[in-house]
Amino acid sequence: MSPVRDALLLLFIGGLAAGLAFTPVARRLGRRLGLVDRPDGRRKVHERTTPVAGGLAVFAAVILVLGVFGVAGRGPVAEEVREHAWELLGLLGGAAVICLVGVADDGYRLRGRYKLCGQVAAIGVVLLTGSRIEVLAIFGREFDLGWAAIPFTTLFLLGAINSLNLLDGMDGLLGTVGTIICGAIAVLAVYAGHPAEACVAAGLAGALAGFLRYNMPPASVFLGDAGSMLIGLAVGVLAIRSSLKGPATAALAAPLALLAIPFFDTAAAVVRRKLTGRSIFSTDRGHIHHCLQRTGLSGPAVLLVVGGLCAVTVAGVLASIAFQNEGLAVLSALVVVVILVATKVFGYAELRLVMHSGRHLARSVLGSDRDNARLEVRLHGSAGWDGLWVRLTDCVDRLNLRSIALDVNAPAQQEVYHARWRRPGPATSEALEDWSAVIPLTAWGHAVGQVIVIGRPDAEPVWRKLAVLTGVTDDVEAVLARSAPIPTLAGPTAVPESLVGAGSA
């Protein structure tokens, strides 16, 4: 075990030195090429324009240390790396593709579908070299995936890429989480008999640790989408390969536990966006780090909390390896999720949305949906939306409405609120006669939400009904102003002064 330990230590130190050396170069390159992240007063409320080329530094650092080790290294571990050169080249090729997609997104803001196509292309490069799950091992039982092997592996890697991409929302957060997860994967790979994968994980952990020197609050450089998606792809592939118990047979309990926090964060984002009628590609400030910041924790304290939660899952994974019990890894992930939900720090509002939708679906299936359906969820914030919601619902009978929804998404003011009301559904033929409208909510020149209504036709003109509803929603700025100061104009964008510097990209 000593040669392996020495090789991993050498790669970590090499990655650390390369990350420290390359990050300032990438920072200057990012400014020169226009790869920067500018505050927008809505979601991105960091104080200054910041380069987003850190991912390129991390990629270059890993390429350098692995290249030198693979060519000049001596001993059984270096020979193992050279023996698996084809698989590693597939990972590096996929990483190069994902970096190009990320740079394009950082520079030109790709649409979600194009970004997804680029991610699939990068995964395709990895799959061509044989890194896929063909047999899934769960608690001692094996399931042959057959034709579903490639779709399953693709979905797993897409989940890893996008969950870590979404987690990159605060100075130092993804670098910290990525370093911890990569370190754990290195240990996991060693005990599973995959030293080549352990070497890649150790080099990546070192490169991220070097990058963190410049990314800790207040950050002078960000990873950018190139970096966050690179980490997601590398972690996903290494998690698969380090969990292989035989040819293409993967035991995913440990890797899934390691990724519990990013996966939970992503699942919560999809739930709150989908069940409140928003696009899953929309942005908000409802991620785990935002929720922790709203409890009053400082940036470093948030990093400590998230890092501690990651340490819990890592401990569970290591214990599962030591005692040959996958249940310990699963238990550690469940403990983290339960703690976050039970304390209402993160995930509680999303759980309420799921439970409400589940009850509504059950009633619809059983034919017992005879009562008005009502839901009111404050995802975060403290503004008086409940008062506005009461005034809106007071109009439903007078305006002969079938349903009404109030959806507020104001990240800059850290306000997200969703409420909806619906009468029991009529026959389809009657519903086809209904009218519908979307009334935008604006404050200080920015969209902060919308009111969605569906009504039944009657003698009163629809325009008059909309005028009544618009009159009710005219005081949106006043509602926001009671919880956040009225913004002052700073250049082309009005930004609440109390929020400047409150977070990262």
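Which residues touch the most other members of the largest nonpolar core? Of the 99 residues in that core, they are Val-58, Phe-69, Ile-185, Leu-233, Val-235 and Ile-288, where a nonpolar core is a set of buried Ala, Val, Leu, Ile, Met, Phe, Trp, Tyr and Cys residues joined through side-chain atoms within 4.5 Å. The model is predicted, and local features need pLDDT of at least 70, side-chain atom pairs count only at pLDDT 80 or more, while totals for chains, interfaces and linings use all residues. Residues are numbered from 1 along each chain as its sequence is written, and side-chain values use heavy atoms, with hydrogens and water left out.

- Val-58 touches Leu-204, Ala-207, Leu-208, Phe-211, Leu-223 and Leu-230, when residues up to four places away in sequence are not counted, a contact being heavy atoms within 4.5 Å.
- Another core, of 30 residues, lies apart from the largest one and includes Ile-404, Ala-437, Trp-444 and Val-472.

**Thr-179**

- Thr-179, which is placed in helix α7 (residues 173-191), counts as buried because its relative accessibility is 18%, given that buried means under 20% relative accessible area, exposed over 50% and partly exposed in between (1.4 Å probe, protein chains only).
- Once neighbours within four places in sequence are left aside, Thr-179 is in contact with Ala-205, Leu-208, Ala-209 and Leu-212.

**Helices α2 and α3**

- The axes of helix α2 (residues 54-72) and helix α3 (residues 76-83) come within 8 Å and cross at roughly 110°, the axes being lines fitted to C-alpha atoms, for helices over the stretch in contact, with angles from 0 to 180 degrees between N-to-C directions.
- On the α2 side Phe-69, Gly-70 and Val-71 take part, and they meet Val-77, Ala-78, Val-81 and Arg-82 in α3.

**Strands around β11**

- Strand β8 (residues 401-410) runs antiparallel to strand β11 (residues 446-455) and is joined to it by seven bridges, two strands being paired if DSSP finds at least two bridges between them; Val-408 stands opposite Gly-449 in β11.
- Strand β10 (residues 435-443) also pairs with β11 in the antiparallel sense, over nine bridges, and the bridge partner of Ala-443 is His-446 in β11.
- β10 and β11 form a hairpin with two residues between them, and Trp-444 in the turn has a positive phi of about 55°.

Key
Helix = DSSP H or I, 4+ residues; strand = E, 2+ residues; numbered from the N terminus.
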